[in-house]
Amino acid sequence: MLGGYGNISSIDINGSKAFLRKFLGDEEGKTGTGFALDCGAGIGRITKRLLLPLFSTVDLVDVTQEFLDKAKTYLGDESKRVGNYFCSGLQDFVPESGRYDVIWIQWVIGHLTDDHLIKFLQRCQKSLRPNGIIVIKDNVSYEGVVPDEVDSSVCRDLEIVRSLVRRAGLRIIHEEQQMNFPKEIYQVHTLALR
């Protein structure tokens, strides 16, 4: 899932934890830690290392049933805190209204058309609890839309991603570039949305 860059997993997770902790808490206006959704979850790397340590319950959604089956084993004892394993493409997935404090969308938006991404983000917004956030963490190209012939995805530049977020009726409340990744890969940016 990390395209031959498995060695960046800890850097990725630590950056994501630091990003999320800016929002989580019990104080007024902070994001709760009850329920999270891992979109494009694969075998559950982000669920296991990022979301389960921070949230009471995590749901996973992925288009590949085989990955979700492997997630049950990979997550081990922590799998008892997984609420649901949804097998669905994000273009068709409808998250439960008002369920999630955080919806985490990492390295998967390139598999959605612009229209599918906009509609998915709109459905995600409806599934947020009060003070909930949607987080997109993904590669961004330097300019325009760059197709990936290997997996039939695309990499959009940051301004295009921001524009799609706005078109979905969301606003970016915080944005960061992931640091300490190899220089030969596209930059990775994390955006918190409401």
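Let's start with the side chain of Gln178, which makes a polar contact with the side chain of Lys137 at 2.7 Å; by polar contact I mean N or O atoms within 3.5 Å, where within protein one must be able to donate a hydrogen and the other to accept it, and residues adjacent in sequence count only if both atoms are side-chain atoms. Keep in mind that this is a predicted model, where local features need pLDDT of at least 70, side-chain atom pairs count only at pLDDT 80 or more, and totals for chains, interfaces and linings use all residues. Residues are numbered from 1 along each chain as its sequence is written, and side-chain values use heavy atoms, with hydrogens and water left out.

So where does Gln178 sit? You'll find Gln178 in the loop between strand 8 (172–177) and strand 9 (187–193); strands are DSSP runs of E, at least two residues, and helices are runs of H or I, at least four, numbered from the N terminus.

Is Gln178 buried or exposed? Gln178 counts as buried because its relative accessibility is 10%, and buried means under 20% relative accessible area with a 1.4 Å probe, protein chains only.

As for its neighbours, Gln178 touches Ile11, Asp12, Gly15, Ser16, Lys137 and Val188, leaving aside residues up to four places away in sequence; a contact means heavy atoms within 4.5 Å.

Stepping back, the chain has five helices and nine strands. Of its 194 residues, 47% count as buried, and the C-alpha trace spans about 40 × 35 × 35 Å along its principal axes.

Technical notes
Buried means under 20% relative accessible area, exposed over 50%, partly exposed in between (1.4 Å probe, protein chains only).
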